[in-house]
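Subject: Structure handover

Hello,

Here is the structure I promised to pass on to you. Please open it alongside this message, and my notes on what turned up follow below.

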Amino acid sequence: MHRVLCLILLVFGISTLPIQALSADEYPNIVIIMADDMGYGDPGCFNSESKIPTPQIDRLAEHGMRFTDAHAPGPLCHLSRYGLMTGRYPFRANVGVWRRKAVIRDDEVTIASLLKQSGYHTAMVGKWHLGFDENGYENRLPGGPVDRGFDSFFGIRASTDIPPYFYIRNDRAVDPPTQQIEARASEGWSPIQGEFWRAGGIAPDMKLKDVLPRFTDEAIQVINNHAANQSDQPLMLYLAYPAPHTPWLPAPEFVGNSKASMYGDFVTMVDAMIGRVLKALEDAQMSDNTLVIFTSDNGPVWYEKDVQRFGHDSSGGLRGMKADAWEAGHRMPFVVRWPTIVKPGSTSDQTICFTDLLATFAEIVDVKLPDDAGPDSFGFLSVLNGTKSDDSPIRPNLVMASGNKTMSIRSGHWKLIEGLGSGGFSKPSRIKPAAGQPLGQLYDLQTDPGETKNLYSQHPQLVSRLALELKQVEVSGRSRNSEWAFDQQTNTKPNIVLLMADDQGWGQTGYCNHPLLKTPNLDAMAENGLRFDRFYAAAPVCSPTRASILTGRTNLRTGVAEQGYALRLQEKSIATALRDLGYATGHFGKWHLNGLRGPGVPILGGDSHNPGAFGFETWLSVTNFFDVNPIMSRNGKFEEFVGDSSEIIVDEAVNFIKQQADANKPFFTVIWYGTPHGPFMASDADAEPFSQLDNNSRNQLGELVAMDRSIGALRSALRDLGIADKTLVWFTSDNGGLPRLKPDTVGGLRGNKGSLYEGGLRVPTIVEWPAKITPRVTKYPAVSMDIFATIADVGGVPQSEITHPQDGGSLCKLFEKEIGTRDKPIPFGCFGNMALIDNDFKLLYTGDKKQKKQYELYDLESDPTEQSNLYQSHPKIAGRMKTQMDQFAESLQRSINGADYSNGLVNPGHPQPRQWTEVPEYKPYFDDWKSRPEYKSRLKSR
């Protein structure tokens, strides 16, 4: 009845979709045909002056709808394919890892997994280019199409000019690339045109000239098999041709078919292959109920000199080529044929993107996308069935990164490019702005689709609005149902201050009922903010926790295995991200992320891993712990100070904050105390209340008194400056308390610093933000890795500035109300031991050189002091958490090897830990420093 109704409506010129949802046996078959590097101006239906005959594509347009303003989500192959598969802009993902690992996460919804769950048989044929978790081509290739929603796959890993060259069936090489092929190029063309391919491995059964027809044969076989099954199950076929991408290898019968040389001939061969697929649908009597989509992944490799030589404009009047931010890099020929729904011969000027296919397919099968799926996907079913006109835009904007990561935004008919140059293959790719010249490009595509007139200087307010709109899409992590992390109207961003004690134990605060220590300022902060009763340091020692705060990742991913290890320069720091968003960034105090051990000394200006290397514009820092009358380094210049170390760095931080407040600039200020780390040096007045204790205990508590006083000074300064309400202040400690001190530093918990038991990890933590936080105490389990994700939310850090995987999560929702249980477990790793906290339960895998490692399981709700090991008595919980720990360990190993970075490797030359006394640049200071109490034991023999 549904099909009859649609045919009747079509006869009368009305195309619509019934109000009621389709049943599974009424879903259309879906065939997506994607060419590779075919330009907007190649098919005749998009360019009447094309010198390349494309009768099959033209016939498809004659029977369907042409989209004149359709875009790839990125102007390169892998970028485009990622967006098409996931409905997510590729700049939000680390797509550069495709050469060695899978780009699409196993928990991401794809067009294939969505349709498969809706009853479709899903098949892919062709070029994948989104990576596999490779471990030798003789082994299984996980992370590819059959692990991302496709029932079957036959294809290749990337392009036919990128070795190794071999066919893959499902998740196995049909024949591994055991032979070698020499490189090839064509005279008279650029190095990336013609019969170009790179040297490398090739399978014995692979001939590059046969790949295009072989894929067509495989696609036809999928169609024929589906028809032969006579099942009500609909088919989804994704046919990703690797042509007309290089090498240009037209079969003999196509040579001379065009007037655009070997490239044009190869395009005619692609067109003929498309015709074979369309005929297979007709022969199988599937055409009437098949939605066919044809497009290309990005713009062509066709230079201006080629246009002059052959009189053929592959870009169809648009500017640029593949990889460019200009239109020809990503505006694509896009045709949809769907008999009974799409009006034949129709045209739409709607701005759409490949990312929109996910939401469109969800509309077709009447499925609501999960909130975290397709964040940049907007359904255009209403365009296909004619119920929405071009006057009513489907999407609010279109944002993308070019080949060199230049960002651009399309909003209405306006387009802003945040930089000069093409942003891709066209020369020059980048242009440094000259004095008084525009910083970027602004085009009115309605009147100037060729992007010939840069209006950037003429419309400053429009530039500002578009830049703000672009940043909104970047920082919110989504363009569909996006929300700003900060005020959209005023673009005001909160100030952020991170305070961290050094070795302060869980029990060492007044609000935690310490029997002797008074901390009135911390108590007041707890009264006015969110106090965590279950907050964990990311590691039981200092450097690892600091690395995790700056990156949002467990320390072992970042290269900081233990204390004194250097943070990898490849890690993306929260300070760098905030600095790039306009924050003033300052670090004050202990650093301990440059690979130097021993008592703190001022950091050398030439130190490759100083705070400035990780985004801090201003820094007054020392390598490690420091005490009274410290020597510190101000951006590389040594200065001596007199007084308590805590009060010195807070005074300096307050000066920095005042400067930013006067300039009305948001600030990110990190204050990392050297207190109460040993050696313990308190003033007599601060130590006096603890005179009954031994010397170490007395002075350690005295240091905490001074630290608490400095916190009071900071809070008072923020109030006096009138910025307390819009400043987030986060206080925590880097690890658990120390042993052999009185009273107990960890509040009765088991273990101390260095241990993965609660006493080594659970730390005092308070977040104060008067404008946002409802004061209370929470038992929600959180960790210092959450600081990064939370600040990224608060400050508006784009996903492109975050290294994945992230082990922490944002706590912003917790600021307003309790949010129930934690979604993902908290992992820990240090000294060869591991632990995992999943809400109430904690699994440990620990042991030392004398003790064989064993598993322990504790219920922290009923047994916070970890006395009763439940590992044997709770096998289901233990088994589940052991699986989680094993999965974490596997992920961790990939990170340790560098798989999270764009080059897939750890940069060579990463420093190993060493004593600062071994650094030649410090030797001139040895004589002067021998008399200092903190250094004399290290220097007495030198």
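A residue is called buried when its relative accessible area is under 20%, exposed when over 50%, and partly exposed in between. Please keep in mind throughout that this is a predicted model.

Cysteines

How many disulfides does the structure hold? There are zero. For Cys 77, the closest cysteine sulfur belongs to Cys 353 and lies 15 Å away, which is too far for a bond. Cys 77 has 4% relative accessibility, so this residue counts as buried. Cys 830 is likewise in no disulfide, and the nearest cysteine sulfur, in Cys 542, is 9.5 Å away. A disulfide would need the two sulfur atoms within 2.5 Å. Is Cys 830 buried or exposed? Its relative accessibility is 2%, so Cys 830 is buried.

Backbone points to look at

Most peptide bonds are trans, and most residues other than glycine have a negative phi. With that in mind, here are some places to check.

- Pro 163 and Pro 164 are joined by a cis peptide bond, with omega about 0°. Pro 164 sits in the loop that runs between strand E4 (152-156) and strand E5 (168-169).
- Lys 427 and Pro 428 are also linked by a cis peptide bond, here with omega about -5°. You will find Pro 428 in the loop between strand E15 (414-417) and strand E16 (441-444).
- Ser 261 is not a glycine, but its phi is positive, near 60°. This residue belongs to helix H6 (residues 261-283), and at 27% relative accessibility Ser 261 is partly exposed.
- Glu 866 has a positive phi as well, near 55°. Its place is the loop between strand E33 (854-859) and helix H20 (875-896). Glu 866 counts as buried, because its relative accessibility is 0%.

The ten-stranded sheet

In what order do the ten strands of the open sheet lie? The order is E6-E5-E4-E3-E9-E1-E10-E11-E2-E12, with mixed pairing. At the edges stand strand E6 (172-173) and strand E12 (346-353); each has a single partner strand, so one side of each has no neighbour in the sheet.

Strands of a sheet pair through backbone hydrogen bonds, in either a parallel or an antiparallel way. Strand E10 (residues 290-296) and strand E11 (residues 331-337) run antiparallel and are joined by four bridges. If you want a landmark there, Phe 294 stands opposite Val 335 in E11.

Cavities

Searching the whole structure gave six cavities of 30 Å³ or more. The largest cavity holds about 80 Å³ of space. Which helix gives the most to its lining? That is helix H5 (residues 211-229), with three residues. The lining of the largest cavity includes Val 211, Leu 212 and Pro 213. Also among the lining residues are Thr 160, Leu 208, Lys 209, Pro 242, Ala 243, His 245, Pro 247, Leu 249 and Phe 266.

That is everything from my side for now. Do write back with any questions as you go through it.

Best wishes

Terms used
Residues are numbered from 1 along each chain as its sequence is written. This is a predicted model: local features need pLDDT of at least 70, side-chain atom pairs count only at pLDDT 80 or more; totals for chains, interfaces and linings use all residues. Side-chain values use heavy atoms; hydrogens and water are left out. Buried means under 20% relative accessible area, exposed over 50%, partly exposed in between (1.4 Å probe, protein chains only). Helices (H or I, at least four residues) and strands (E, at least two) are DSSP runs, numbered from the N terminus. Two strands pair if DSSP finds at least two bridges between them. On a 1 Å grid over the protein atoms alone, a cavity is a set of points where a 1.4 Å probe fits but cannot get out, and a pocket is an open set with protein on both sides within 12 Å along at least five of seven lines; lining residues have an atom within 4 Å of a point. Grid points are joined across faces, edges and corners, and a volume is the space filled by probe spheres set on the points.
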